[in-house]
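This briefing covers a predicted model.

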Amino acid sequence: MEETVTYTIDQVKSKIASAFPTEVKFEDKVRPRRLFMSANKDALLKLCTMLKDELGFDHCSCVSGVDRCDRFQSVYHICSCSSNITLEIVVDLPHDNPEVDSVTPLWGGANWHEREAFDMFGIIYKGHPRLERLLLPADYTFFPMRKDCETGRK
Amino acid sequence: MYLDLWQLLAGLVHWLMVDIIGPIFGWLSFHGIEGWLTRPETLYFITVILVVLIVFVVGMLVSITLIWQERKMLGRFMDRRGTQTGPIGLFQNFADALKTLQKEIIVPANADKLIYNAAPVIIIGTSLFLMATIPYSEGFYASDSDLSLILTFAIFSIVPFGVLLGGWASNNKYTLIGGMRAAAQLISYEIPMLLSVVSVVILAGSLSLNDIVWYQQAHIWLFIPLIIGFIVFLIAMVAEVERIPFDLPEAEAELVEGWGTEYGGLRFGLIMMSEYARGFIGSALATLLFLGGWDGPFKGIVPDGLWFLAKVFIVFGIFIWMRAALPRVRTDQILAIGWKKLLPLAVVNIFIAILFKTAGWF
Amino acid sequence: MAKMWINMGPQHPMTHGLWNLRVEVDGETITDAEPVIGYLHRGWEKMVEDRHYPQIIPMADRLCYGSSFTWSHVYCLAAEDLMGVEVPERAKYIRVMSDELQRIGSHLMWLAAIGPDLGNLTIFLYAMRERELFMDLFQSLCGARMTYNFPRIGGVRNDAPPNWERDLVRTLDYFEKRMDEYEDLVDRNSVFRMRMVDLAPLSAKDAINLGVTGPSLRGSGVKYDVRHNDPYEIYDELDWHMCVRDEGDVYARYRVRMDEMRMSVQIVRECLKKMPKSGPIRVKPPRTAPVGTGMARMEDPRGESLMYIIGDGTDKPFRLKVRSPFFVTLSASPVMLRSYKVADVPSIMGMLDVCMGETDR
């Protein structure tokens, strides 16, 4: 068992800031054991690789899709079992072509979350081993969680 | 004190025919019929029919009572009361039988009709056949043959054949797999069972069930010297009757289907009935071979048959206890237990029996 | 025989809840598996975008009906993170106690479910009998047996009634004796052990990478529990320890849950001692949420549950994302099923504690 190094929030923040000075912006919100940032969609895979290999973030909790009406977002919650820090990474995607690299090759836990985001929003995750519909039947043609999809509730 | 069924019925039939019904025909001047009715062959024939009827009915009633015992006892193990229909739940079986009779019998489209219909007949037929060879007390039996032990076990072993046929004839690949598994389990547990019976035969010196019980009455109940054989026999019997913990062939949760899935209505009811009939036969055999049959204290007051039935209920109670406490064993584990653990124990048991016999202790 | 794909489900006595497990079998051995879900998809995340914040609490209960308090609790934590509401002390203790009682109830439901899977109905009836006691406690606390609608954004709905703590202590004493009975029935039973020991081991590295959390993760030797590593409410003030096992097989996961039940009893007893005797149990939250995001993580009986909520200045959430632990554990299950037999499927899947309500939402 190799030695697991634990990092503090400030150490993680400074390492990420020095490796990605322009692509990653940190938010001002302060919570214990949390770090909030937003990243460029092209830098995402490199950022996640660095998080996994160098900073010990080995557990991908959640990948969510958000429809902000003028853009899509893919929100990643990644945590570290040793440092107990949870990161929240928000990636903005263009509305007409929501594509981003998949983090499934890094963390298997993101597999079904990305499938669900594709199922609900239509966000394409490039490099996903099997990007098919998960919860809805395979022959559905619309993406229900988008804001332009009506529920019919009066 | 025991009820000698043959003598009683022979006397009854003789009295009925020769003293009552014959003279009626004679008074009506039908002397030919009177002569025919009072011939010894006719009397014997009628006696046989009546004896078989009575033994069969008693056997079926005891099997049904075992079902009631299972439901009540299993309920109490699980902290609930068990069946409540009728006084202390005795009517539940009749209610179940009436319900089963009303169900529609659906035959799969491409099933092999002859074998599909024949398989339950084989299973229930052989199970009920065995009611004839089991003696309840010294006089209460349908047949007392010198080879009743071999006959009983031979008929008992036809059932894997019926199970395999039933699974195959249903035209369903899953029931075929289930039937093969059930047949594998039944056949592999035959061998330890028969080997432990061999040890009993070595000590008792006879193949007749009545003689084995007389031997135990004279010497000692055979489960004491042959304790290993008794335990092997009980475990093998639980596997033969396909009860939990060995009921994977009919478990729905694991296998997709069991061998009897395509049977509906009364056929299914008869298959279930045969399971309990075989449970009765198994407990009865354990009692006769190891627990002294109808041997018990208070010989003058309490009839022997009641001791036999009490012991059958106790042995079946042990089966129910195993069902309440144990989960199912996986098929490959079942076969492993049968071949690797019970078979050597049964062989050791035979050596012990030979040892006791040559030393002349029993 | 050639390899073929068999459907175990969606109607199957073994599958608790509605899902389909497609297994590719080569004879008896499983070579691949693929869970198919979505039969219980109710469109929960879309529905809540049209509901006021307090209206979502009973909806969160119905995410996983077997363990409903923990889901409405994590929703309230996320909403409080978004709105910046501070919960009073006594309310935190009541929430933690209800959480742990719910954990015991959910684990008892799991224990009851594995009985018939493995062929033993006795453990089903024993566990259900005990679960009734805990449902009675909840009924006197908040009026409902299963979906409680009890926590509120800013606290809990009402205080514990008089004599509730006395009943609680009596129930816990009785329950601890009963736990010994279960362990007698299952742990010392060689047939149960044959079905559970050395089956479907999951290595720690695989478990962490595949996102498995909860008892399945701690059964593989990883010391990770959200209550301990990322504490919320008052868990960092209580004296308790994680239940971890190293073997990683089905028996280890079973043991972790049994140990967790005992640990929950210990936590509740400690809460009773430390709880402030009186005090406010509720703070009024703002009606509209600020523009921003809130996130809360919690240890659900099945693993780590997470809710991510986006507020847009109105009284309805803009987006509410639910991370369900069993969703991820189910996606990791093919790794555990490969090279084992079809007859092992109920044993392996049952030990993962199926709940389809939270998986499909």
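C:Ser339 is found in the loop that links helix 12 and helix 13 (345–351) of chain C. Although C:Ser339 is not a glycine, its phi is positive, at about 70°.

**Positive phi in chain C**

- A positive phi is also found at C:Glu233, which is not a glycine and has a value of about 50°.
- C:Glu233 sits in the loop between helix 10 (226–229) and helix 11 (250–274) of chain C.

**Which chains touch**

- Two pairs of chains are in contact, and of these chains A and C share the most contacts.
- Chain A and chain B are joined by no contact, and their closest C-alpha atoms are 25 Å apart.

**Chain C against chain A**

- In this pair, 28 residues of chain C are in contact with 26 residues of chain A.
- Two or more residues each on the chain C side come from helix 1 (44–47), helix 8 (204–209), strand 6 (291–300), strand 7 (303–312), strand 8 (319–323) and helix 12 (325–337) of chain C.
- Strand 7 of chain C gives the most to the side that touches chain A, with four residues.
- The side of chain C that touches chain A has eleven nonpolar, seven polar and ten charged residues.

**Chain B against chain C**

- Here 21 residues of chain B are in contact with 22 residues of chain C.
- On the chain B side, helix 12 (304–325) and helix 13 (331–359) of chain B each supply at least two residues.
- The residues of chain B that touch chain C divide into 13 nonpolar, two polar and six charged.

**Helix packing in chain B**

- Helix 13 of chain B also packs against helix 8 (residues 173–204) of chain B, at an angle of about 10° and with the axes 8 Å apart.
- Because angles under 35 degrees count as roughly parallel, helix 8 of chain B is roughly parallel to helix 13 of chain B.
- The contact of helix 8 with helix 13 of chain B has 19 nonpolar, seven polar and two charged residues.

**Overall form of chain B**

- Chain B has 13 helices and zero strands.
- The radius of gyration of chain B is 23 Å, close to the 21 Å that the globule rule gives for 362 residues, so chain B is as compact as a globular protein of that length.
- Taken along the principal axes, the C-alpha atoms of chain B fill a box of roughly 70 × 60 × 40 Å.
- Of the 362 residues in chain B, 43% are buried.
- Among contacts in chain B with a separation of 6 or more, 77% are between residues 24 or more positions apart.

Key. Residues are numbered from 1 along each chain as its sequence is written. Chains are lettered from A and ligands numbered from 1 in the order in which they are written. This is a predicted model: local features need pLDDT of at least 70, side-chain atom pairs count only at pLDDT 80 or more; totals for chains, interfaces and linings use all residues. Two residues are in contact if their C-beta atoms, placed from the backbone, lie within 7 Å. Ala, Val, Leu, Ile, Met, Phe, Trp, Tyr, Cys and Pro count as nonpolar, Asp, Glu, Lys and Arg as charged, and the others, Gly among them, as polar. Axes are lines fitted to C-alpha atoms, for helices over the stretch in contact, and angles run from 0 to 180 degrees between N-to-C directions. Angles under 35 degrees count as roughly parallel, over 145 as roughly antiparallel, 65 to 115 as roughly perpendicular and the rest as oblique. The radius of gyration is taken over C-alpha atoms; the globule rule is 2.2 Å times the number of residues to the power 0.38. A residue is buried if 20 or more other C-beta atoms lie within 10 Å of its own, exposed if 12 or fewer, and partly exposed in between; C-beta atoms are placed from the backbone.
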